[in-house]
Amino acid sequence: MGAGGCVYSNGTGAVTGDFIAIQFTEDSVIGAISGPMTNSANLVSDATVFSQGQVIYLPCSSLTLASGACILYQR
């Protein structure tokens, strides 16, 4: 995992790439996400809080944080 490198994000701008996992470095809320995830809109509208240190494994091509910070691992 992360053989293609990684990207750190701590702002609210969109980050794009070919990502396979997201590790949150502080408590975070996702503002937008795109990729092959069923019901991802619900994840955003529920304002789910991901805890510091939590990792979610999912392919995505774009992520925008509403708050917090994360490391996005590329394929």
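## Terms and basis

Buried means under 20% relative accessible area, exposed over 50%, and partly exposed in between, with a 1.4 Å probe and protein chains only. The model is predicted: local features need pLDDT of at least 70, side-chain atom pairs count only at pLDDT 80 or more, and totals for chains, interfaces and linings use all residues. Residues are numbered from 1 along each chain as its sequence is written, and side-chain values use heavy atoms, with hydrogens and water left out.

## S62

S62 counts as buried because its relative accessibility is 17%. The residue lies in strand β4 (residues 55-74); strands (E, at least two residues) and helices (H or I, at least four) are DSSP runs numbered from the N terminus.

Leaving aside residues up to four places away in sequence, S62 touches A14, V15, T16, A32, I33 and S34. Contact here means heavy atoms within 4.5 Å.

## Aromatic pair

One aromatic pair is found in a search of the whole structure. F24 and F50 form this pair, which is stacked, with 4.8 Å centre to centre and 10 degrees between the planes. Rings of Phe, Tyr and Trp (its six-membered ring) pair if their centres lie within 6.5 Å; planes under 30 degrees apart are stacked, over 60 edge-to-face, and the rest tilted.

The pair links distant parts of the chain: F24 is in strand β2 (residues 15-34) and F50 in strand β3 (residues 49-50), 26 residues apart. Both F24 and F50 are buried.

## Cysteines

The structure holds zero disulfides, a disulfide being a pair of cysteine sulfur atoms within 2.5 Å. The sulfur of C6 is too far for a bond because the closest cysteine sulfur, in C70, is 11 Å away. C70 is likewise in no disulfide, and the nearest cysteine sulfur to its own, that of C60, is 8.7 Å away. C70 counts as buried, at 0% relative accessibility.
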